[in-house]
Amino acid sequence: MTHALIFDMDGTLFRTDLILEPALERTFTSLRQQNLWDGPTPIDTYRDIMGVPLPIVWQTLCSEHPPEVHEESNAYFQQALIELIEEGSGQLYDDVLPTLAVLSETYPIYIASNGQTAYLQAIVNHYELDRYVKQTYSIDLIASGNKTELARRVLDDHHHTVGFVIGDRSSDIRAAKDNELTAVGVRFDFAQEEELAMADVVIDQFGELPEVLEKFREKQKTSR
């Protein structure tokens, strides 16, 4: 029985923190130039909600603005992120590429992210992740914006019934639990301890994954 690996992107594979602040700064500079924002860029607020669907991001950051401003701000922000990725300002976490290379020899690997399609594809293209990743799934595919449903889409599309979801936020852990998969939490930049407490196991370094996954597979074999 083949175990699928479903990875989150932001804060799990990709160090979004390196491009987040400059992209937000560009976006809110634009809003200030349009007299639609007064004050500093709300980077701390965004860090607190990192991982939620983007409509909620803009409803939170620009709660006093109408939906059309949310849409325009999101489009500007997305383009700024992509430009920063293409400029080489981003970075994968340590050991991501060699670890994915090892894991891809045993597991089919997928990405399921709350990020939008063009943004995710920019990361995949820049770092040539499709060497190891079979398919990348954006939250754009799910009308509800629910990550549990996105993970279910991965399983259904590829006929998997067992596997792991690896991510840093509660939406990743819920996606695992709701689909009867094993939840692996990563204690990286945006992780919160109260959310990680719900995971089946937590890692501090990406390179720990092969050993951790093998232990769980062996444990599952002996429990049958």
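## Basis

The model is predicted, so local features need pLDDT of at least 70 and side-chain atom pairs count only at pLDDT 80 or more, while totals for chains, interfaces and linings use all residues. Residues are numbered from 1 along each chain as its sequence is written, and side-chain values use heavy atoms, with hydrogens and water left out.

Helices (H or I, at least four residues) and strands (E, at least two) are DSSP runs, numbered from the N terminus.

## The sheet

An open sheet of 6 strands has the order β3-β2-β1-β4-β5-β6, and its pairing is parallel. Two strands pair if DSSP finds at least two bridges between them. The edges are held by β3 (135–138) and β6 (201–203), each with a single partner strand, so one side of each is left without a neighbour in the sheet. From one strand to the next, the twist averages 25°.

Strands β4 and β5 run parallel and are joined by 4 bridges. Ile 166 stands opposite Val 184 in β5.

## Packing of α1 and α4

Two packed helices are described by the angle between their axes and the distance between the axes. The axes of α1 and helix α4 (residues 67–86) come within 9 Å and cross at roughly 140°. Axes here are lines fitted to C-alpha atoms, for helices over the stretch in contact, and angles run from 0 to 180 degrees between N-to-C directions.

α1 passes α4 in a right-handed crossing. A crossing is right-handed if the near helix is turned clockwise from the far one by less than a right angle, and left-handed if anticlockwise. Residues of α1 that make the contact (heavy atoms within 4.5 Å) include Ile 19, Leu 20, Ala 23, Leu 24, Thr 27 and Leu 31. On α4, the contact residues include Val 69, Ser 73, Tyr 76, Phe 77, Ala 80, Leu 81 and Leu 84. An α-helix has 3.6 residues a turn, so residues three or four places apart point the same way.

Asp 8 is found in the loop between β1 (3–7) and α1 (17–33). Its relative accessible area is 6%, so Asp 8 is buried; buried means under 20% relative accessible area, exposed over 50% and partly exposed in between, with a 1.4 Å probe and protein chains only. The side chain of Asp 8 makes a polar contact with that of Thr 12 at 3.0 Å and another with that of Lys 147 at 2.8 Å. A polar contact is a pair of N or O atoms within 3.5 Å; within protein, one must be able to donate a hydrogen and the other to accept it, and residues adjacent in sequence count only if both atoms are side-chain atoms. Leaving aside neighbours within four places in sequence, residues in contact with Asp 8 include Ile 166, Gly 167, Asp 168 and Asp 172.

Lys 147 is found in helix α7 and counts as buried because its relative accessibility is 7%. The side chains of Lys 147 and Asp 172 are joined by a polar contact of 2.5 Å. The side chain of Lys 147 also reaches the backbone oxygen of Ala 112 at 3.3 Å.

## Helix α8

Asp 172 is one of the buried residues of helix α8 (residues 170–178), along with Ser 170, Ser 171, Ile 173, Ala 175 and Ala 176. What covers these buried residues includes α7 (147–158), β4 (162–167), β5 (182–186) and α9 (193–196). Glu 180 follows α8, and its phi is positive, near 60°.

## Other residues with positive phi

Most residues other than glycine have a negative phi. Glu 128 has a positive phi of about 55° although it is not a glycine. Glu 128 is placed in the loop between α6 (117–127) and β3, and is partly exposed, with a relative accessible area of 44%. His 159, also not a glycine, has a positive phi of about 60°. His 159 lies in the loop between α7 and β4 and is exposed, with a relative accessible area of 71%.

## Ile 49

Ile 49 is in helix α2 (residues 43–49) and is buried at a relative accessible area of 17%. Leaving aside neighbours within four places in sequence, Ile 49 is in contact with Val 57, Thr 60 and Arg 169. Ile 49 and Phe 190 are 141 residues apart in sequence, and their C-alpha atoms are 9.0 Å apart in space.
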